[in-house]
Amino acid sequence: MLANIVLSGDNAVVIAMAARTLQPEQQKKAIFWGSAAAIVMRIVLTIVAIQLLTLPFLKIIGAALLVYIGVDLLKVAVMTKATDQRNTMALGRC
């Protein structure tokens with residue numbers, strides 16, 4: 001539910017930014033058709049996501065990819081911290 005509210009707010013901001021430079025008559029049309037397109041796309045993409053989740057092993061593959069990404073991010077964070085510590089130590093010796 002919260003994700004739906006956040007996405008709706010995001011859509012409203014994008015539509016408003018796109019329509020802000022238009023004339024008032026065109027703004028109303030842009031807001032209407034932009035909102036309609038956002039609703040239709042959300043419904044269609046939700047149906048597609050539901051269909052994809054019925055594929056065997058898709059959740060397992062997705063979980064494995066998330067673990068890989070998480071480990072990769074942790075490695076980068078550790079390497080960055082080590083580099084920062086070396087730079088701090090080098091500056092301390094000067």
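Student: How many of the 94 residues of the protein count as buried, and what makes a residue buried?

Tutor: Of the 94 residues in this predicted model, 3% count as buried, where buried means under 20% relative accessible area, exposed means over 50%, and partly exposed lies in between, with a 1.4 Å probe and protein chains only. The model is a predicted one, in which local features need pLDDT of at least 70, side-chain atom pairs count only at pLDDT 80 or more, and totals for chains, interfaces and linings use all residues. Residues are numbered from 1 along each chain as its sequence is written, and side-chain values use heavy atoms, with hydrogens and water left out.

Student: Which elements does the protein hold, and what makes a run of residues a helix?

Tutor: There are three helices and zero strands, in the order α-α-α from the N terminus; helices (H or I, at least four residues) and strands (E, at least two) are DSSP runs, numbered from the N terminus. By mean pLDDT, which is the predictor's confidence in each residue from 0 to 100, helix H1 (residues 2-19) is the lowest of the elements at 80 and H2 the highest at 90.

Student: Why is Ile-31 called partly exposed?

Tutor: Ile-31, which lies in helix H2, has a relative accessibility of 41%, and therefore counts as partly exposed, since that value falls between the 20% and 50% limits. Ile-31 also touches Ile-15 and Ala-19, not counting residues up to four places away in sequence, where contact means heavy atoms within 4.5 Å. From Ile-31 to Ala-18 there are 13 residues in sequence and 8.8 Å in space, C-alpha to C-alpha.

Student: How do you know that Phe-57 is exposed?

Tutor: The relative accessible area of Phe-57 is 59%, which is over 50%, so Phe-57 is exposed. Phe-57 is found in the loop between H2 and helix H3 (58-93), and has a positive phi of about 70 degrees although it is not a glycine. Most residues other than glycine have a negative phi.
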